[in-house]
Amino acid sequence: MNSAYATVDHVFTVPLDHAAPQGPTIQIFAREVTEASKAGEQLPWLLYLQGGPGGKSPRPSAGSPGWLPQALKTHRVLLLDQRGTGRSTPVTARAASRFASPARLAEHLGHFRADSIVADAELIRRQLCGDEPWETLGQSYGGFITLTYLSQAPEGLRACYVTGGLPGLSATADDVYARTYPRVRDRVRDFYARYPHDAARLRGIAHLLATTDVRLPDGDRLTSHRLRTLGLVLGMGDGFERIHWLLDEALDEDGKPTDTFLHQVLTLTGFIDNPLFAVMQETLYGQGAGPTNWAASRAMAAFPEFAEDADHLLLTGEMIYPWMFREISGLRPFADAADLLAERSDWPPLYDRRRLAANRVPLAALVYHDDMYVDAGLSLCTAREVGATRVWVTNEWEHDGVTAAGDRVLSRLMDLAAGSA
């Protein structure tokens, strides 16, 4: 921990279902951070909304996350562990296994979307700030939450900053994945252009996995389709190098997978720390327009270049498939409940388009032109629909630009928001 920071840990008790405040409750954890020299000052609050879904808020250390030192120049920051993550009554594989039935678990998980997170944030804001609104910084999925916040409780917001996270307001899961596969395909091809020998390496490893029973350290079998999910990291600034150096040490002199390789694959594909990322991924696009019905899996059929016998073996990206919940230990306790979530058709809307059109809360958004995860076209359409919005489009960084160049990014967004007030 950076000694220049002063921190205060907060724990809040909130209803599991905000529509039934007398019912079961859960705990929400948040860490307040200020510069040590300013700890006693009256500073405006900045709430950080983490990407995900299923990601806990960053734990501060010297200069990390990259945007934090810039934010602390002028603000008191609240690092929120969104419900179900980190220290906020975490939803883990062990916790999921305790539910009496898949239906009970699915019902429970239905309370872990952006609308519930916003209700948590408003309860917390009133306890910490009274009637004073605060500002938010939403990275990736945190931007999705921001649009829900502006739809449901704009009175709680003074200004909002979003990096790589303007969702399509009416986009269905089918719409999203029809756009996602081509972006992932192009990203993998760019990776092979940078590291031409890795295409043959991946193909060789995939063949080995198809003909040999290779086990990960937790006992799960490593299959070629699980291998392909390593592509999830390719949309980050260091993604190409992470995959390249992983493959560089993949096989020993006998052509067998090394322990180093297997350990890293487990870490990258096991969802041990963030099962909600997989469980809740497609629920982000459920808004009463019918079931999502495993949209990413269905969409793949329209892209034959993703076939396992295609000329180049293409990695996959931010797609979640039904087989994951049967083959990955950390997801197995969620398997039947995940099927029920995929079948659910009565998801309440997350965005109020009329209210957003009339929005007067300054919103400054960074759209990454080549974002592999969030479609820039959908983001720009949303920016045109939401009032008081200013957009900065760049291809200088990948999806994690706010971490890579946080001081530049956040200061520019604050200036943009001030200009739209």
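**Reading helices, burial and backbone angles**

Trainee: Where is the place of Phe277?

Mentor: Helices here are DSSP runs of H or I with at least four residues, strands are runs of E with at least two, and both are numbered from the N terminus. Phe277 sits in helix H11, residues 275-280. Keep in mind that this is a predicted model, where local features need pLDDT of at least 70, side-chain atom pairs count only at pLDDT 80 or more, and totals for chains, interfaces and linings use all residues. Residues are numbered from 1 along each chain as its sequence is written, and side-chain values use heavy atoms, with hydrogens and water left out.

Trainee: Is Phe277 buried or exposed?

Mentor: Buried means under 20% relative accessible area, exposed means over 50%, and partly exposed lies in between (1.4 Å probe, protein chains only). Phe277 has a relative accessible area of 9%, so it is buried.

Trainee: Which residues does Phe277 touch?

Mentor: A contact means heavy atoms within 4.5 Å. Leaving out residues up to four places away in sequence, Phe277 touches Gly52, Pro53, Gly54, Leu232, Phe271, Glu318 and Ile320. Two of those partners, Gly52 and Pro53, are joined by a cis peptide bond with omega about 5 degrees. Pro53 belongs to the loop between S3 and helix H1 (68-72).

Trainee: Which residues have a positive phi although they are not glycine?

Mentor: Most residues other than glycine have a negative phi, and most peptide bonds are trans. Ser140 has phi near 55 degrees, and it lies in the loop between S5 and H5. Ser140 is buried at 11% relative accessible area. Trp294 also has a positive phi, about 55 degrees; you'll find it in the loop between H11 and helix H12 (295-299). Trp294 is buried too, at 14%.

Trainee: How many residues of H5 are buried?

Mentor: In H5, 11 of the 12 residues are buried, so the rest of the structure largely encloses this helix. Among them are Phe144, Ile145, Leu147 and Tyr149. As for length, the expected span of a helix is 1.5 Å times one less than its number of residues. H5 (residues 141-152) reaches 17 Å from its first C-alpha to its last, close to the expected 16 Å.

Trainee: What should the 16 residues of H4 span?

Mentor: They should span 22 Å, and the end C-alpha atoms of H4 are 21 Å apart, so the two agree. H4 is mostly covered, with 12 of its 16 residues buried. Its buried residues pack against strands S1 (5-15), S2 (25-35), S3 (45-49), S4 (76-80) and S5 (134-139), and against H5. After H4 comes Gly130, with a positive phi near 70 degrees.

Trainee: What does Ala121 touch?

Mentor: Ala121 is in H4, residues 114-129, and its 3% relative accessibility makes it count as buried. Not counting residues up to four places away in sequence, its contacts are Leu47, Trp134 and Tyr149. Ala121 and Leu49 are 72 residues apart in sequence, yet 9.7 Å apart in space, C-alpha to C-alpha.

Trainee: How many helices and strands are there in the protein chain?

Mentor: The chain has 18 helices and eight strands. Of its 421 residues, 58% count as buried. Among contacts between residues at least 6 apart in sequence, 77% join residues at least 24 apart. Along the principal axes, the C-alpha atoms fill a box of roughly 65 × 45 × 40 Å.
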